[in-house]
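Reader: Please take one part of this model and look at it closely, then set it in its surroundings. I would like the cut-offs stated along with the terms.

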Amino acid sequence: MHLEEMKKEIESLVIAKGFYNKPEDIPRKLLFAFIELGEASDAWKKGLPEEKIAEELIDVVFYVLDASRLACPNINMDEVFQRKLEKNLNRPFQYGEGHRNKQP
Ligand SMILES: [Mg+2]
């Protein structure tokens with residue numbers, strides 16, 4: 001399933017379950033994504049099974065895609081992913097991690 005298909009499935013879920021579904025709910029959805037990141041981190045820290053960690057990470061994806069559905073409804077996220085992947089692939093080795101080479 002691609003990101004755009006996932007967005008449609010998430011929209012159906014949001015409507016079916018009566019979840020927040022207005023542009024003003026975007027900050028709330030992004031906050032929920034952060035909370036789910038914390039849950040994923042906590043699951044990893046506690047040594048919980050990979051399946052539990054994966055489920056929490058998928059919760060993050062749900063909220064991020066749900067937020068994108070409301071924040072940038074005219075943008076194809078599959079295309080953005082592809083462009084961003086190519087952009088990152090064209091960057092130098094360990095870009096953005098210059099601190100690795102610094103001496104104490
Ligand atoms: Mg969760």
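Author: Gln94 lies in the segment that follows helix H4 (77-89), where helices are DSSP runs of H or I with at least four residues, numbered from the N terminus. This is a predicted model, in which local features need pLDDT of at least 70 and side-chain atom pairs count only at pLDDT 80 or more, while totals for chains, interfaces and linings use all residues. Residues are numbered from 1 along each chain as its sequence is written.

The phi of Gln94 is near 55 degrees, a positive value in a residue that is not glycine. Gln94 is also exposed, since 10 other C-beta atoms lie within 10 Å (buried means 20 or more other C-beta atoms within 10 Å of a residue's own, exposed 12 or fewer, partly exposed in between, with C-beta atoms placed from the backbone).

Within H2, Lys29, Phe32, Glu36 and Ala40 are buried. These residues lie on the same side of H2, because they cover an arc of only 90 degrees around the axis, taken from the directions between the helix axis and the C-beta atoms. An α-helix has 3.6 residues a turn, so residues three or four places apart point the same way. The buried residues of H2 pack against helix H3 (50-71), whereas the face turned away from them carries the exposed residues Pro27, Leu31, Phe34, Gly38 and Lys45.

Helix H3 also meets helix H1 (residues 3-17), and the axes of the two come within 9 Å and cross at roughly 90 degrees. That makes H1 roughly perpendicular to H3, a term for angles of 65 to 115 degrees. From H1, Leu3, Met6, Lys7, Ile10, Glu11 and Val14 meet Phe62, Leu65, Asp66, Ser68 and Arg69 of H3.

Leu65, in helix H3, counts as buried because it has 20 C-beta neighbours inside 10 Å. Apart from neighbours within four places in sequence, Leu65 is in contact with Leu3, Met6, Lys7, Ile10 and Met77, contact meaning C-beta atoms, placed from the backbone, within 7 Å. The C-alpha atoms of Leu65 and Glu4 are separated by 8.8 Å, although these residues are 61 residues apart along the chain.

Conventions: Contact = placed C-beta atoms within 7 Å. Axes fitted to C-alpha atoms, helices over the stretch in contact; angles between N-to-C directions. Parallel < 35°, antiparallel > 145°, perpendicular 65-115°, else oblique.
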